[in-house]
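Look at the sequence and the model below.

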Amino acid sequence: MRSGDKEFAVINGKKVKQYNAVGSLVFSPDSKRTAYAAKSEGKWFVVIDGKESSRYDDIKAQNFNFDSGSKHIVYTAQSGKKWLLVTDGKKEK
């Protein structure tokens with residue numbers, strides 16, 4: 001949703017924090033967890049259960065996937081020219 005020049009998600013009827021851009025809201029298989037992409041200060045990150053992950057140059061939000069047990073979320077993110085696999089908001093080593 002949009003309010004002026006900011007965007008925000010509405011989760012379970014509640015408006016959450018506003019950002020420059022918001023997209024790709026996903027629910028875990030058990031519907032108890034949420035994740036969505038957000039952009040602020042020129043960087044993208046994922047908000048997982050209300051907590052902001054590390055910031056990246058780009059995120060492939062359409063690739064968000066919770067595992068079948070709803071415990072972990074995996075996605076790809078770009079840092080510079082390098083693409084990374086990110087699990088639960090932390091880049092894989």
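What follows describes a predicted model, beginning with a sheet and moving on to single residues.

Four strands make up an open sheet, and their order across it is 5-6-7-8. The pairing in this sheet is antiparallel. In general, the strands of a sheet are held in pairs by backbone hydrogen bonds, in either a parallel or an antiparallel arrangement. Which strands lie at the edges? They are strand 5, residues 21–27, and strand 8, and each of them pairs on one side only.

Inside that order, strand 6 covers residues 34–40 and is joined to strand 7 by six bridges. These two strands run antiparallel.

As a rule, most residues other than glycine have a negative phi. Is aspartate 49 buried, partly exposed or exposed? Aspartate 49 counts as partly exposed because its relative accessibility is 36%, which falls between the limits of 20% and 50%.

Serine 70 also calls for a look at the backbone. This serine is not a glycine either, yet its phi is positive, at about 65°. Serine 70 sits in a loop too, the one between strand 10 (65–66) and strand 11 (73–79). Its relative accessible area is 4%, so serine 70 is buried; the cut-off for that class is under 20%.

Glutamate 7 belongs to strand 2, which consists of residues 6–7. With a relative accessible area of 18%, glutamate 7 is buried. What does the side chain of glutamate 7 lie 2.8 Å from? One of its polar atoms is at that distance from the backbone nitrogen of valine 22.

How far is lysine 82 from aspartate 57 in sequence and in space? The two are 25 residues apart along the chain, and their C-alpha atoms are 9.8 Å apart.

Technical notes: Residues numbered from 1 in each chain as written. Predicted model: local features only at pLDDT ≥ 70, side-chain atom pairs only at ≥ 80, totals over all residues. Heavy atoms only, no water. Buried < 20%, exposed > 50% of the residue type's maximum accessible area, 1.4 Å probe, protein only. Polar contact = N/O pair within 3.5 Å; in protein donor to acceptor, adjacent residues only side chain to side chain. Pairing = 2+ DSSP bridges.
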